[in-house]
Amino acid sequence: MLTLTDVTVRFGDRTAVDGVSLAVAEHETVCVLGPSGSGKSTLLRAIAGLQTTDAGRISLAGRDLAGVPVHRRGVGLMFQDHQLFPQRDVAGNVGFGPRMHGVPREEAAARTAELLGLVGLPGAGRRAVATLSGGEQQRVALARALAPRPELLMLDEPLGQLDRSLRERLVVELRRLFRDLGTTVLAVTHDQGEAFALADRVVVMDAGRIAQTGTPVEVWQRPASAFVARFLGFTNVADATVHGAVADTPWGKVPVPADAAQGGRTVLIRPAGVRLTGVADGLPCHVEGRTFRGDHVLVLLRPDDAPPLEAACPLTEAPEPGTTVGAQFLAEHVSVLGA
Amino acid sequence: MDLARREVTTTQEPPRRDPRESRRRWPLRGSAVRFGLIAVPAAFFAVFFAYPVAAIVARGLKDGGQWRFGRFGEVLGDPGIREVLWFTLWQAAASTALTLLIALPGAYVFARFDFPGKQLLRAVVTVPFVLPTVVVGSAFLALLGRGGLLDEAVGLRLDTTVWAILLAHVFFNYAVVVRTVGGLWAQLDPRQEEAARVLGAGRLAAFRRVTLPALAPAVAAAALMVFLFTFTSFGVIQILGGPYFATLEVEIYRQTADFLDLPAAAVLSLVQFAAVGGVLAVHAATVRRRETALRLVDPERTSRPPRGAGERALLAGVLVVVAILLVLPLAVLVERSFATPEGYGLGFYERLRSADGTFAVPPLEAVANSLSYAAVATAIALVVGGLAAAAVTRRAGRLVRGFDALLMLPLGTSAVTVGFGFVVALDEPPLDLRSAWILVPLAQALVGVPFVVRTMLPVLRAVDDRLREAAAVLGASPWRVWREVDFPLVRRALLVAAGFAFAVSLGEFGATVFIARADNPTLPVAVARLLGRAGEYNYGQAMALSTILMLVCAVALLLLERLRGDGSGEF
């Protein structure tokens with residue numbers, strides 16, 4: 001459906017998007033994930049035609065988009081802060097796209113009503129956009145983007161400004177909606193939870209380049225690099241030398257899965273792979289703090305001369321801050337990256 | 001003047017964006033569109049402004065195909081001229097300072113307080129601004145002049161002093177400050193100041209650190225406007241200055257019309273041109289830099305009834321100033337128009353219906369002339385100014401910024417020069433317009449365009465670019481984007497611009513006096529002609545005609561406020 005080949009966008013001497021190649025299949029939902037400034041929004045703008053590219057090719061449904069003006073590209077874009085037209089009511093916003101495409105009035109009205117129903121706002125057509133809550137605005141923006149039946153729907157931080165519980169609910173709704181409509185979706189977000197919940201496939205971007213592509217499970221289980229692992233929220237990441245089933249790390253010898261790649265590597269120890277023991281039985285660590293995470297506690301450990309470690313620990317067994325414990329490592333929760 | 005009053009943009013923090021990014025956003029297609037947008041206003045200014053002014057300057061400074069720049073020395077060496085220059089400068093500075101001093105409290109009161117009759121009062125203070133300078137002159141003459149109200153009451157005459165001029169300038173420009181500064185002030189979020197207070201700033205410090213910097217561009221813009229208007233003041237001084245005081249503009253008129261000394265007029269025109277250009281350049285350099293995205297809110301949410309003795313006293317003070325300075329002169333003008341030698345009556349008005357020695361046609365016909373000229377001039381100004389504003393908004397580049405400043409020039413250029421330039425330059429085919437009626441609206445539109453641009457530009461600039469992008473992504477062509485996004489947001493500003501253009505066209509005097517044909521005078525020209533003749537009846541008729549002109553302007557203005565009120569549901 002959408003194919004990007006070596007797309008590059010430069011702002012002066014800064015390269016915002018650096019030779020990105022990416023394909024999105026029909027009915028697929030792809031999420032571009034990256035920290036702010038990684039070039040993901042620029043990528044969307046380039047596809048929409050709001051940003052000229054310096055090199056590379058963008059084609060949609062077999063059509064090369066070079067030189068095609070924004071309004072003829074047939075893509076939908078939901079803006080980060082929605083950008084609803086303030087002077088129009090809800091129906092005026094949703095019906096805007098069909099109107100621009102010359103859809104007859106009754107048909108556009110029917111389409112508007114249908115979409116408002118789909119996004120859970122039936123009968124809201126006459127409301128002024130200023131009276132909408134954040135979540136409602138988000139729904140209207142989605143309905144507006146879907147109304148002209150774009151071949152590709154792009155979402156820029158779709159849930160960025162909403163509060164947590166609303167976000168979690170909407171992610172589920174969006175996923176169902178896209179599946180039901182068979183929409184092809186390209187979304188960008190900086191929130192891994194959002195990306196993993198929404199996407200069939202995740203693309204992690206770092207400084208304008210693609211750092212990793214894969215299904216949410218793949219990316220989560222096997223981050224391609226230290227950058228991806230850290231971006232996903234893991235802190236127990238370090239350079240190591242792997243010999244057989246043991247890695248030599250700043251935290252000492254750490255067992256790794258038997259099939260691990262050998263030699264100089266980056267090792268990730270998930271918090272669940274750090275088990276707390278008596279001081280004498282493991283790496284001695286000072287307990288610096290604890291964070292409750294619902295079903296477990298994340299314990300921040302500081303070994304004597306190694307980087308800090310995070311350990312996941314059952315609620316009842318969490319040590320007090322200020323005490324000293326030992327840390328042992330479990331091979332099944334350790335990954336050797338980049339292999 | 002007045003920015004669109006309700007929430008035009010809830011200026012959310014603009015996205016962090018590389019400035020270089022925007023420049024390349026609209027590739028080739030964009031530059032073609034921009035060129036198209038600029039072409040019409042540029043051609044208009046070239047033909048109807050640059051060419052006539054250049055022609056008049058050339059006629060004055062060229063002798064047998066040779067430029068005579070020595071005339072600069074001759075003219076500027078004349079002590080009389082030097083006195084004119086000095087007077088022009090200091091009276092403009094004094095008028096500006098006095099206007100700010102008197103009008104800034106008014107701006108505050110209008111922005112932050114709710115009180116009964118506020119809407120009406122806002123219209124009332126705007127009336128003087130749209131009044132023709134000639135009417136302002138007559139009103140102050142009726143108040144301060146020989147046989148005027150003060151003369152009768154306490155034997156005080158100010159028409160031979162500079163005070164009459166300064167007060168008339170304050171009268172005229174009060175609304176500029178109230179609307180420009182007050183309009184922005186009303187939209188500043190009071191929570192910003194509250195945030196500063198919470199952070200430990202005192203009342204005064206919060207005002208000085210938060211509100212004042214936000215207001216500064218508006219204050220500077222208002223001051224610049226007032227300075228420009230008073231620097232080039234013509235009608236007011238022509239009537240109140242008598243033989244004692246002359247601004248550059250008046251002197252240019254005298255040299256041109258009375259002494260037929262074109263070289264002197266040309267030199268003075270150039271001097272005025274340079275001075276105005278300098279002021280505009282300073283303005284562009286200082287204000288533009290500070291034009292930042294402010295968080296604007298609905299003014300209805302920022303105003304409240306005055307609380308406490310201090311605030312009530314401030315409100316009362318402003319009301320008293322408005323009553324004495326703005327309402328009284330107009331009231332006296334109306335009173336004089338009825339005070340015939342035979343007692344109060346309609347005698348002066350009845351005389352307006354018949355032609356006598358002064359006019360080939362009944363003076364009342366000037367009303368119809370003025371209205372149709374002003375309507376055409378408004379249409380021209382809206383098209384030219386609207387296109388120019390749209391072109392300037394699209395992208396900021398050095399060229400475009402220069403164009404922006406250029407658009408202001410007609411405000412500061414001697415209207416007399418333009419008018420005479422029209423007569424001199426547009427008299428040959430293919431542009432032989434000497435006897436064409438369109439000449440008058442064209443000259444008037446020239447003065448209207450800067451108002452249209454100034455009114456439209458802030459609003460157009462405030463339209464979030466991403467709204468336009470959203471529309472484009474949804475399938476709107478560039479033209480549809482303008483039609484669907486920009487236009488609805490600026491429609492109110494467009495109406496305001498139309499109103500101002502109409503009013504200044506109606507009151508335009510300096511250029512019209514040269515080009516309006518004797519049998520087709522406009523209202524201000526007719527008033528000036530009547531005032532120029534001796535006799536109680538001529539004076540009375542001038543007052544009557546001024547009253548009519550004032551009413552026409554006031555009605556236009558009230559209609560405008562009405563239209564704006566009706567549109568509020570849309571925004």
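Buried residues make up 43% of the 339 residues in chain A, where buried means that 20 or more other C-beta atoms lie within 10 Å of a residue's own, exposed means 12 or fewer, and partly exposed lies in between, with C-beta atoms placed from the backbone. This is a predicted model, in which local features need pLDDT of at least 70 and side-chain atom pairs count only at pLDDT 80 or more, while totals for chains, interfaces and linings use all residues. Residues are numbered from 1 along each chain as its sequence is written, and chains are lettered from A and ligands numbered from 1 in the order in which they are written.

**Chain A overall**

- Chain A has nine helices and 20 strands; these are DSSP runs numbered from the N terminus, with helices being H or I of at least four residues and strands being E of at least two.
- Along the principal axes, the C-alpha atoms of chain A fill a box of roughly 80 × 45 × 35 Å.
- Of the contacts in chain A between residues at least 6 apart in sequence, 63% join residues at least 24 apart; a contact means that the C-beta atoms, placed from the backbone, lie within 7 Å.

**The six-stranded sheet of chain A**

- An open sheet with mixed pairing runs in the order β6-β7-β8-β3-β9-β10 in chain A, and two strands pair if DSSP finds at least two bridges between them.
- The edges are β6 (75–78) and β10 (209–214) of chain A; each has a single partner strand, so one side of each is left without a neighbour in the sheet.
- From one strand to the next, the twist averages 20°; axes are lines fitted to C-alpha atoms, for helices over the stretch in contact, and angles run from 0 to 180 degrees between N-to-C directions.
- β6(A) runs parallel to β7 (residues 152–156) of chain A, and four bridges join them.
- A:Gly76 has A:Leu153 in β7(A) as its bridge partner.
- Helix α1 (residues 40–48) of chain A packs on this sheet, touching β3 (29–33), β6, β7, β8 (185–189) and β9 (201–206), and its direction makes about 150° with that of β7(A).

- A:Arg149 lies in the loop between α5 (134–146) and β7 of chain A; A:Arg149 is not a glycine, yet has a positive phi of about 50°.
- A:Arg149 counts as partly exposed because it has 15 C-beta neighbours inside 10 Å.
- A:Glu157, in the loop between β7 and α6 (164–181) of chain A, is not a glycine either, and has a positive phi of about 45°.
- A:Glu157 is buried, because 20 other C-beta atoms lie within 10 Å.

- An unreviewed UniProt entry lists "domain: ABC transmembrane type-1" for residues 85–281 and 367–560 of chain B; UniProt positions are given in the numbering used here, feature names are shortened, and annotations may be inferred rather than shown by experiment.
- Residues 85–281 of chain B are 81% helix and 0% strand, with the end C-alpha atoms 20 Å apart.
- Helix α10 (residues 203–231) of chain B spans only 36 Å between its end C-alpha atoms, whereas a straight helix of 29 residues would span 42 Å at 1.5 Å a residue, the expected span being 1.5 Å times one less than the number of residues.
- α10(B) bends by about 50° at B:Leu212, and a proline, B:Pro213, follows within four residues; the bend is the angle between axes fitted to the seven residues ending there and the seven starting there.

**Chain B: around B:Thr247**

- B:Thr247 sits in the loop between α11 (235–240) and α12 (248–258) of chain B, and counts as buried because it has 27 C-beta neighbours inside 10 Å.
- Leaving aside residues up to four places away in sequence, B:Thr247 touches B:Phe87, B:Thr88, B:Ser233 and B:Ile237.
- B:Thr247 and B:Gln91 are 156 residues apart along the chain, and their C-alpha atoms are separated by 8.7 Å.

Notes: Two residues are in contact if their C-beta atoms, placed from the backbone, lie within 7 Å.
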